[in-house]
Amino acid sequence: MMNHDQARYGDDDRYESLLSEKDTTTVEVDGKSPLPDDLTRDSLELPGLSEPELSRHYTRLSQMNWSVETGPYPLGSCTMKYNPSFTEDVAADPNGSVHPDRSEESVQGTLELLYGLQDYLARIGGMDAVTLQPPAGAAGEFTGIMIAKACHEARGDPRSEVIVPASAHGTNFASAAMAGYDVVELPSGEDGRVDLDALEAAVSEETAALMLTNPNTVGLFERDIAEIADIVHDAGGLLYYDGANLNALLGRARPGDMGFDVMHYNVHKTFATPHGGGGPGAGPVGVTEELAEFLPRPHVRERDGRYELYDPERSIGKVHGYQGNWLVLVKAYAYIARLGDSGLKDTSAKAVLNANYLAERIDYDIPYSPFHHEFAATAGERDAADVAKGMLDYGVHPPTTKWPEFVPEAMLTEPTEAESKASLDDLANAFDAAMADSEEELEAAPSKTTARRIDQADAARNPQLSWRALGEEE
Amino acid sequence: MFEVPTDRKYQESHEYATTDGETATVGITDFAQDELGDVVFVELPAVGDEISQGEEFGVVESIKAVSDLYAPVSGTVTAVNEDLFDRPELVNEEPYGDGWMLEVEVGDDAEFDELLSADDYREQTE
């Protein structure tokens with residue numbers, strides 16, 4: 001079992017002093033600025049640190065962090081796979097640093113790569129056309145639903161409702177609402193899947209779309225997907241695929257073949273680009289041929305061996321500047337190109353195998369199966385959040401807790417394909433060791449991490465949402 | 001053992017209403033606040049709004065859950081406990097006191113008869 005004490009460089013509530021609290025130097029500015037006097041300063045307090053001091057500061061911060069480069073990070077539904085560093089090298093190539101306003105003739109390589117990624121993603125998803133512009137998964141959802149809305153309006157059949165399963169990601173509800181739809185919540189069936197009778201009852205001539213992820217949020221494949229597609233399509237609605245769990249299907253099954261009309265891809269999950277941190281990200285959207293004319297503008301196409309930008313005929317407009325977050329897209333392209341067809345297929349195989357191996361190794365009940373790339377274990381009588389805090393002391397990041405809500409005290413676990421057997425064994429030991437700890441021990445955990453138990457109630461009651469809050473505190 | 005004062009009446013969904021005179025004070029029970037855990041946010045109607053028995057009138061959010069609040073009586077809201085916006089923890093600390101939520105001018109006395117007595121409510125929570 002991994003035993004670890006995370007680094008601490010300060011007192012209990014302060015782990016490493018801020019740069020502004022370290023030695024500062026006053027820098028005098030001479031010379032006239034063309035800006036008005038009330039916008040300029042003559043001197044500035046800056047941290048007066050030597051290079052080693054600065055290097056230590058950032059190294060310490062990184063040691064107090066937890067990342068997939070520190071250990072397993074099995075946050076269910078998040079697909080925290082390792083991001084191979086060669087993709088960073090590719091993105092750092094100076095040849096990729098071209099201004100998006102340059103003439104098409106002078107950026108043929110850039111356009112070729114974008115076109116290539118559109119094509120890769122279309123083939124992986126079984127879609128006919130893909131836009132790379134949305135800057136995040138949730139932005140992709142919004143874009144996809146806006147495309148569906150544009151399609152209904154163009155048919156002269158505007159609709160008012162989007163159906164979302166109760167177990168769906170919170171972003172689905174939000175995206176549908178942001179697009180101006182009423183959200184109809186679909187209860188989960190007893191087996192954890194979509195209940196066809198409930199779906200029949202929910203669809204109507206107001207149904208614009210059903211948003212679904214497959215495998216669903218407890219890793220179950222929606223085996224009635226063909227019937228689900230028929231029910232939605234017969235009512236005149238569109239079927240939307242949330243790409244959150246695409247890692248389970250790579251190279252083996254395609255949303256387009258299941259009857260989905262629109263989908264988004266989470267390149268930070270499935271295609272190993274960095275997660276979050278506020279961005280930049282990318283959430284490409286794929287559509288069937290029928291919907292391609294509504295894609296955001298501009299879109300890349302190839303004509304007689306040359307690549308060009310054009311505006312789809314009935315485009316919903318722009319959802320981000322230029323062609324999206326280019327360097328993120330470069331990383332996704334590099335990852336797909338390096339893996340190739342057989343590598344992608346191997347990825348989904350190992351993702352599913354790893355989840356099933358881990359599930360076998362741990363001593364927890366798992367109410368819903370057979371699952372694929374992730375599973376929802378239950379902490380039973382224990383508080384899932386306390387067990388998760390306990391796991392931190394055994395040197396692993398815990399799974400997603402208390403979600404989805406229809407699994408009591410859920411611990412939604414997704415180890416990803418990137419973990420070896422040895423690392424899965426470490427993870428399994430941490431699961432069981434935390435469960436064996438006493439309630440008192442768990443309530444006091446974590447005791448070995450840089451940040452100890454966070455006061456969640458105080459954080460929610462008195463959120464400090466910017467650096468300015470640090471000043472108010474004093 | 002949770003507090004269930006006998007000077008008021010209760011609804012199955014864990015709201016209470018005082019029964020003295022023309023104005024009812026509405027809040028959630030000690031049992032409810034304990035089940036919810038630390039309350040972090042309360043959303044209430046505005047003074048002058050109408051609420052109806054059994055219908056949603058607000059939302060209470062804790063670190064564990066977000067729950068709708070159901071009106072135990074019908075009437076016009078005459079006061080809202082604005083202290084809860086800054087100090088939602090009052091719902092945990094004094095659910096029957098400073099953690100009250102609304103004052104409602106009630107029209108229909110018969111509605112009170114449909115609510116549970118302290119004894120019946122206690123039985124429900126046991």
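This is a short tour of a predicted model, stop by stop, with something to select at each one.

Before you start, residues are numbered from 1 along each chain as its sequence is written, and chains are lettered from A, with ligands numbered from 1, in the order in which they are written. Because the model is predicted, local features need pLDDT of at least 70 and side-chain atom pairs count only at pLDDT 80 or more, while totals for chains, interfaces and linings use all residues.

**Stop 1: the cores**

Select A:Ala209, A:Tyr240, A:Val262 and A:Ala332. Within the largest nonpolar core, which has 104 residues, these four touch the most other members. A nonpolar core here is a set of buried Ala, Val, Leu, Ile, Met, Phe, Trp, Tyr and Cys residues joined through C-beta atoms within 7 Å. Buried means that 20 or more other C-beta atoms lie within 10 Å of a residue's own; with 12 or fewer it is exposed, and in between it is partly exposed, with C-beta atoms placed from the backbone.

Now colour helix α10 of chain A, residues 326-361, which gives the most to this core with 14 residues. Helices (H or I, at least four residues) and strands (E, at least two) are DSSP runs, numbered from the N terminus. Another core, of 32 residues, lies apart from this one; B:Val26, B:Leu90, B:Val106 and B:Leu115 are among its residues.

Go back to A:Ala332 and show its surroundings. Leaving out residues up to four places away in sequence, A:Ala332 touches A:Leu117, A:Val267, A:Phe271, A:Thr273 and A:Ala282. Contact means that the C-beta atoms of two residues, placed from the backbone, lie within 7 Å.

**Stop 2: α10 against α12**

Two packed helices are described by the angle between their axes and the distance between the axes. For α10(A) and α12(A), the angle is about 40° and the axes are 9 Å apart. Axes are lines fitted to C-alpha atoms, for helices over the stretch in contact, and angles run from 0 to 180 degrees between N-to-C directions. The angle makes α10(A) oblique to α12(A); angles under 35 degrees count as roughly parallel, over 145 as roughly antiparallel, 65 to 115 as roughly perpendicular and the rest as oblique.

To see the contact, show A:Asn354, A:Tyr357, A:Leu358 and A:Arg361 on α10(A), then A:Leu424, A:Asp425, A:Leu427 and A:Ala428 on α12(A). The residues of this contact divide into 5 nonpolar, 1 polar and 2 charged. In this count Ala, Val, Leu, Ile, Met, Phe, Trp, Tyr, Cys and Pro are nonpolar, Asp, Glu, Lys and Arg are charged, and the others, Gly among them, are polar.

**Stop 3: α4 against α5**

Next, select helix α4 (residues 137-154) and helix α5 (residues 170-178) of chain A, whose axes come within 9 Å and cross at roughly 45°. That makes α4(A) oblique to α5(A). On α4(A), the contact is made by A:Ala138, A:Glu141, A:Phe142 and A:Ile145, and on α5(A) by A:Thr171, A:Asn172, A:Ser175, A:Ala176 and A:Met178.

While you are here, click A:Phe173, which is in helix α5 of chain A. Is A:Phe173 buried or partly exposed? A:Phe173 counts as partly exposed because it has 17 C-beta neighbours inside 10 Å. Beyond its neighbours within four places in sequence, A:Phe173 is in contact with A:Val164, A:Ala168 and A:Val183.

**Stop 4: A:Lys389**

Move to A:Lys389 in helix α11 of chain A, residues 384-392. A:Lys389 counts as buried because it has 25 C-beta neighbours inside 10 Å. Apart from residues up to four places away in sequence, A:Lys389 touches A:Leu442, A:Ala445, A:Pro446 and A:Arg453.

**Stop 5: backbone details**

Find A:Pro215 in the loop between β6 (207-212) and α7 (225-234) of chain A. The peptide bond from A:Asn214 to A:Pro215 is cis, with omega near 0°. A cis peptide bond also joins A:Ser369 and A:Pro370, and A:Pro370 lies in the loop between α10 and β12 (375-378) of chain A.

Finish at A:Ser77, in the loop between α1 (51-63) and α2 (86-92) of chain A. A:Ser77 is not a glycine, yet its phi is positive, about 80°.
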